[in-house]
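Hi,

Here is the structure I promised to pass on. Have a look at it first, and my notes follow below.

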Amino acid sequence: MPTIIVLPHVDLAPEGATLEVPVGISICAALLENGINIEHACDMSCACTTCHCIVRKGFDSLNEVAECEDDLLDRAWGLEAQSRLSCQAIVAREDLTVEIPKYTVNHAKEDH
């Protein structure tokens with residue numbers, strides 16, 4: 001099983017985390033299943049950018065970015081070349097290192 005290393009995030013993972021996850025799961029679902037409550041205001045339907053993450057290691061192992069995701073990423077806070085919507089980024093066999101940005105475009109946090 002691949003590993004996702006989550007870099008420290010002041011609110012969601014203050015100490016960071018190391019998660020073993022199955023191949024084929026989205027980064028968002030993997031985080032949520034492991035108690036890291038990343039925002040996902042559209043319930044993972046690729047309609048917002050609240051689950052934006054930056055894949056620091058393993059980016060090229062993820063599935064291709066679809067046009068819908070690419071269009072939405074332009075609205076994400078702190079966009080970088082390795083940015084993905086975590087609800088659309090599917091884990092393959094390679095380990096990942098993921099950073100959750102400090103801010104999202106949401107003005108109010110959703111409590112899922």
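**Surface patches and cysteines**

E94 sits in the loop that links β4 (83–85) and β5 (96–99); strands here are DSSP runs of E, at least two residues, numbered from the N terminus. Before going on: this is a predicted model, where local features need pLDDT of at least 70, side-chain atom pairs count only at pLDDT 80 or more, and totals for chains, interfaces and linings use all residues. Residues are numbered from 1 along each chain as its sequence is written, and side-chain values use heavy atoms, with hydrogens and water left out.

Back to E94: its relative accessible area is 41%, so it is partly exposed (buried is under 20%, exposed over 50%, partly exposed in between, with a 1.4 Å probe and protein chains only). Together with E20, D60 and D95, E94 forms a negative surface patch. Patch residues have over 30% relative accessible area and no salt bridge, with like charges joined within 9 Å and nonpolar side chains (Val, Leu, Ile, Met, Phe, Trp, Tyr) within 5 Å. A salt bridge means a Lys or Arg side-chain nitrogen within 4 Å of an Asp or Glu carboxyl oxygen.

There is a nonpolar patch too: W77, Y103 and V105 make one of about 300 Å². V105 lies in the segment after β5 and is partly exposed, at 40% relative accessibility.

How many disulfides are there? The count is zero, taking a disulfide as a pair of cysteine sulfur atoms within 2.5 Å. C48 has its closest cysteine sulfur in C42, 3.6 Å away, which is too far for a bond. For C53, the closest is in C51, at 7.1 Å, again too far. C48 is buried at 16% relative accessible area, and C53 is buried at 0%.

Cheers

Notes
Areas by Shrake-Rupley, 256 points an atom, 1.4 Å probe, with all protein chains shown as cover. Lys, Arg positive; Asp, Glu negative; His and termini not counted. Charge placed at Lys NZ, Arg CZ, Asp CG, Glu CD. Helix = DSSP H or I, 4+ residues; strand = E, 2+ residues; numbered from the N terminus.
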